[in-house]
Structure formats: structure tokens, C-alpha cells
Amino acid sequence: MDKCKVYCDSLTLSLDKGVDIKDISSSLEKVAVTSGIKDGMLSACVVGSTASLTTIEYEPGVISDLARTINEMVPPDAVYEHEQAWHDGNGHSHVQAALLGPSISIPVREGRFALGTWQQVVVVNHDNRPRKRRVEVTVFGLL
């Protein structure tokens with residue numbers, strides 16, 4: 001009978017003020033390999049309400065396109081009710097992050113990610129200041 005396992009870890013990284021996008025694929029894959037799990041899922045969640053996780057081809061053109069599109073969809077200079085309460089200038093950051101979401105699940109097959117060749121996992125800081133971000137990672141599955 002195959003044995004199931006759950007393995008937990010976390011990543012910490014520094015990001016510039018938003019929209020800043022960093023590739024964390026290799027760091028996540030190291031966690032998956034370290035877990036010893038051959039077939040299962042990796043679940044990752046960035047901690048904080050002004051950050052998000054997604055997949056994209058991590059190349060300068062599309063990263064620039066994504067950052068521009070995020071700011072076009074939710075402009076930093078628009079009026080946000082959040083500003084009326086907190087006056088911290090980051091109402092847009094919360095909305096941008098909510099639209100992309102804080103978490104992602106990645107299939108692990110034969111100890112490796114089952115992602116496309118040009119599909120990388122990225123963390124996005126939307127806040128109006130540099131932030132240190134923590135990504136909580138759980139890998140679960142069969143050994």
C-alpha cells in the first residue's frame with residue numbers, strides 16, 4: 001500500500017513596491033523535491049492581503065504586459081473607499097491582489113511539477129511600498 005505524506009515549508013522573499021513580479025518556480029520545486037512526495041499536489045499561499053500568486057511565462061515582455069494590465073484594470077490613482085478609512089494609499093493594492101488571488105495548486109508527478117514549458121509560478125506584490133513576503137507551502141501525496 002502506498003504511503004501518504006504531508007510536508008510543510010515556507011519561502012520568504014523581498015519585493016519592490018507594486019506591481020512587482022518575481023518567479024518562485026525553482027524555489028517551490030525545491031520544496032517539492034525535498035518533500036520526497038512523488039505524486040500529489042503542492043499548495044502555496046502568499047501571506048498578506050496585498051499580494052498574489054499566479055502562473056505566467058516569466059519573460060520581460062509578458063511580465064511588463066501583466067504589470068501594465070493590472071494597473072489599467074485597477075488604477076493606483078483612482079478613488080477607493082479603503083482610503084477613507086485608513087489613508088494609507090493602498091486601496092488599489094487590496095483590490096488588485098483580490099482579483100488574482102493569494103493561492104495556487106500545482107500537480108506533482110514523479111517528483112516534478114506538471115506545468116507547461118513556459119509556465120512559471122510568480123508572486124506579485126501590489127502594495128505601494130516594498131514588502132517582505134512569506135509564501136506558505138504544503139506538499140501532500142504519495143511517496
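The model is predicted, so local features need pLDDT of at least 70 and side-chain atom pairs count only at pLDDT 80 or more, while totals for chains, interfaces and linings use all residues. Residues are numbered from 1 along each chain as its sequence is written, and side-chain values use heavy atoms, with hydrogens and water left out. Helices (H or I, at least four residues) and strands (E, at least two) are DSSP runs, numbered from the N terminus, and two strands pair if DSSP finds at least two bridges between them.

**The five-stranded sheet**

- An open sheet is formed by 5 strands in the order E1-E8-E3-E5-E6, with antiparallel pairing.
- E1 and strand E6 (112-113) stand at the edges, and because each has a single partner strand, one side of each is left without a neighbour in the sheet.
- H1 packs on this sheet and touches E1, E3, E5, E6 and E8, where contact means heavy atoms within 4.5 Å.
- The direction of H1 makes about 155 degrees with that of E1; axes are lines fitted to C-alpha atoms, for helices over the stretch in contact, and angles run from 0 to 180 degrees between N-to-C directions.
- Strand E3 (residues 39-46) is joined to strand E8 (residues 131-142) by 8 bridges, and the two run antiparallel; in this pair, Asp-39 stands opposite Leu-142.
- E3 also pairs with strand E5 (residues 103-109) in the antiparallel sense, over 6 bridges, and here Ala-44 is found opposite Ile-104.
- E5 and E6 run antiparallel and are joined by 2 bridges, with Arg-112 in E6 as the bridge partner of Arg-109.

**The three-stranded sheet**

- Another open sheet has 3 strands in the order E2-E7-E4, and its pairing is antiparallel.
- Its edge strands are strand E2 (20-23) and strand E4 (51-56), each of which pairs on one side only, and the twist averages 30 degrees from one strand to the next.
- E2 is joined to strand E7 (residues 120-125) by 4 bridges, and the bridge partner of Ile-21 in E7 is Val-124.

**The nonpolar cores**

- A nonpolar core is a set of buried Ala, Val, Leu, Ile, Met, Phe, Trp, Tyr and Cys residues joined through side-chain atoms within 4.5 Å; buried means under 20% relative accessible area, exposed over 50%, and partly exposed in between (1.4 Å probe, protein chains only).
- The largest core has 22 residues, and Ile-24, Leu-28, Leu-42, Ala-44, Leu-53, Val-135 and Val-137 touch the most other members.
- Two or more residues of this core come from each of strand E1 (4-15), helix H1 (25-35), E3, E4, E5, E7 and E8.
- A second, separate core of 9 residues includes Ile-56, Ile-63, Ile-70 and Val-122.

**Gly-91**

- Gly-91 lies in helix H4 (residues 91-100) and is buried, with a relative accessible area of 3%.
- Leaving aside neighbours within four places in sequence, Gly-91 is in contact with Tyr-80, His-82 and Glu-83.

**The cysteines**

- The structure holds 0 disulfides, a disulfide being a pair of cysteine sulfur atoms within 2.5 Å.
- The sulfur of Cys-8 is 13 Å from the closest cysteine sulfur, in Cys-45, which is too far for a bond.
- Cys-8 is exposed, with a relative accessible area of 54%, whereas Cys-45 is partly exposed, at 33%.
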